[in-house]
Amino acid sequence: MQTLLILNGPNLNLLGTREPELYGATTLADVEKECMAHGQRLGFAVECFQSNHEGALIDKVQDAGRRFKAGELAGVVFNAGAFTHTSVALFDAISGVKPLPVIEVHISNVHAREAFRHHSYLSPAAAGIVVGFGTDGYRLAIEGLARKALAA
Ligand code: DQA
């Protein structure tokens, strides 16, 4: 059974209490539980990792690239939080492990928010993008990744 990796960046550990009007009342633990159940329904094991540290996320992306090459991992769902808008290093990490499919997720519609959230360093390297569907976006991204993996 192949694995899907769900990666969450800075401040997403605060889901449920952080600006609930923007991000909803669901906690990260609930999101991860739902991702695991949904992945399993589609025939994938699901691993989850959250970090507030850019380097830890880069290490995970690099390791995911190695595991993809080994055939263990089908892809990554990645909400990089604010690093989306700042991190050339994460863009380089995702570019450096191509063709590992990385689906960029944002809970909120970043394009309807402040101008500094309109640009993503990650989008040009992403295999797909899910924006503005609340925490359901993780499930939608898992479905997209599963379809890609089955079509490959
Ligand atoms: C976010 C959007 C980012 O702009 C923000 O910095 C986040 C969360 C989202 O899921 O909507 O931390 O990635």
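Modeller: Let's start with Pro99, which is placed in the loop between α4 (88-96) and β4. Helices (H or I, at least four residues) and strands (E, at least two) are DSSP runs, numbered from the N terminus. This is a predicted model, in which local features need pLDDT of at least 70 and side-chain atom pairs count only at pLDDT 80 or more, while totals for chains, interfaces and linings use all residues. Residues are numbered from 1 along each chain as its sequence is written, and side-chain values use heavy atoms, leaving out hydrogens and water.

Biologist: Thanks! Which residue does the cis peptide bond join to Pro99?

Modeller: Omega for this bond is about 10°.

Biologist: What is the strand order in the open sheet?

Modeller: The sheet has 5 strands with parallel pairing, and two strands pair if DSSP finds at least two bridges between them. Its edge strands, β2 and β5, each pair on one side only, and the twist averages 20° from one strand to the next. Read across, the order is β2-β1-β3-β4-β5.

Biologist: At about what angle does α2 run to β2?

Modeller: The helix α2 lies across β1 and β2. Axes are lines fitted to C-alpha atoms, for helices over the stretch in contact, and angles run from 0 to 180 degrees between N-to-C directions. For α2 and β2, the angle is about 160°.

Biologist: Why does Arg113 count as buried?

Modeller: Arg113 lies in the loop between β4 (102-106) and β5 (128-131), and contact means heavy atoms within 4.5 Å. Leaving aside neighbours within four places in sequence, Arg113 is in contact with Leu22, Tyr23, Ser108 and His118. Buried means under 20% relative accessible area, exposed over 50%, partly exposed in between (1.4 Å probe, protein chains only). Arg113 counts as buried because its relative accessibility is 16%.

Biologist: How long is the polar contact that joins the side chains of Arg113 and Ser108?

Modeller: A polar contact is a pair of N or O atoms within 3.5 Å; within protein, one must be able to donate a hydrogen and the other to accept it, and residues adjacent in sequence count only if both atoms are side-chain atoms. For the side chains of Arg113 and Ser108, the value is 2.9 Å.

Biologist: How far is a polar side-chain atom of Ser108 from an oxygen atom of the ligand?

Modeller: A residue is near a molecule or strand if one of its heavy atoms lies within 4 Å of it. The residues around the ligand include Arg18, Tyr23, His106 and Ser108. An oxygen atom of the ligand is 2.8 Å from an N or O atom in the side chain of His106. For the polar side-chain atom of Ser108, the distance is 2.6 Å.
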